[in-house]
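Please consult the sequence and the structure shown below.

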Amino acid sequence: MSRLVPRFRTIADLVEATDEVREGVVRGLAEYVGLAARMREFEDEFSAQVLHAAQQLHEVIGRRKHLEAELERIRARIDRGGYGSAGEIEDDVRAVLDAARADEADADAAAGAPGDAEEPGDATGDGLDEAARKRILRDFKRIVLPSVHADTSDTSFSDFDVAYSAYRARDFVLMEALVLQYRGPVGTAEADGRTITREQAEARLGEYRAAAWRLDDRLRALRREITQDERDHPEQTRERMRERNEQIRRAIDAEAERVQLLRRRLETLAGSARDEDGAGL
């Protein structure tokens with residue numbers, strides 16, 4: 001059974017209903033901004049505590065496996081008499097160790113380098129046509145940007161950051177919600193003082209409801225992305241990430257010790273060949 005749309009008796013009733021929708025949008029926008037900020041915080045911490053450490057572990061394991069393979073290769077070549085002199089063994093070992101040091105230096109430099117700056121995006125999948133996007137962009141520039149910019153307002157930087165991030169990403173769902181927020185309560189008159197018609201009031205209510213539905217869809221999607229533990233037990237979630245970081249760090253230390261041992265074995269191999277002055281080659 002389809003839901004019946006209430007019939008508003010007066011333009012004032014339409015205005016009141018529109019303001020109620022707007023208030024819901026403002027509340028939803030505040031929840032969305034708060035959840036998005038928390039999710040970014042967890043993503044950043046997960047990247048620093050787990051992903052970055054796991055990448056380091058992967059790299060040091062790769063260096064260890066490479067040195068193991070090179071050590072076995074050089075030993076096998078010695079066993080079959082593949083070197084003409086001790087100097088050749090030393091040169092081969094030196095080349096392996098130099099390449100390993102260069103690879104490690106490159107990895108350290110990459111770890112310390114700043115990441116690529118986020119490029120402006122263009123959010124899609126919002127169900128808006130080109131005309132609606134142009135309208136939202138025009139209203140955003142006219143209403144929101146002057147309301148949050150430091151030169152034209154006294155709002156906090158966090159408010160500016162939310163608005164500018166939505167603008168930079170061309171996130172029209174959030175941009176539209178911000179337009180409704182900063183436009184303020186609606187009235188029965190246009191900006192030029194003319195009283196709006198019933199058709200205009202009905203169209204505005206429909207526009208606000210559509211904006212509210214789009215924001216609700218976005219908010220539901222965000223709620224699905226953030227886990228219950230992240231939402232309800234943030235400190236326990238952070239503690240688990242710190243514990244995982246400690247586990248990975250211990251594994252990195254163990255692998256690094258094995259890498260150093262392999263380097264010493266390679267150096268010993270070259271030194272033994274030099275001491276023997278090529279004997280047995």
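Which residues do ring pairs link into a cluster? The cluster consists of Phe140, Phe157, Phe160, Tyr164 and Tyr167.

The model is predicted, so local features need pLDDT of at least 70 and side-chain atom pairs count only at pLDDT 80 or more, while totals for chains, interfaces and linings use all residues. Residues are numbered from 1 along each chain as its sequence is written, and side-chain values use heavy atoms, with hydrogens and water left out.

Rings of Phe, Tyr and Trp (its six-membered ring) pair if their centres lie within 6.5 Å; planes under 30 degrees apart count as stacked, over 60 as edge-to-face and the rest as tilted. The count by this rule is 4 aromatic pairs. Phe160 and Tyr164 are stacked because their ring centres are 5.7 Å apart and their planes meet at 10°. Both residues belong to helix H4 (residues 157-169), about one turn of the helix apart; helices are DSSP runs (H or I, at least four residues), numbered from the N terminus. Tyr164 also forms a tilted pair with Tyr167, at 6.3 Å centre to centre and 45° between the planes. These two tyrosines, Tyr164 and Tyr167, are 3 residues apart in helix H4.

Accessibility is given below (buried: under 20% relative accessible area; exposed: over 50%; partly exposed: in between; 1.4 Å probe, protein chains only).

| Residue | Relative accessible area | Class |
|---|---|---|
| Phe160 | 23% | partly exposed |
| Tyr164 | 35% | partly exposed |
| Tyr167 | 17% | buried |

The charged end of Arg170 sits over the ring of Tyr167, 4.4 Å from its centre (NZ of Lys or CZ of Arg within 6 Å of the ring centre and within 35 degrees of the ring normal).
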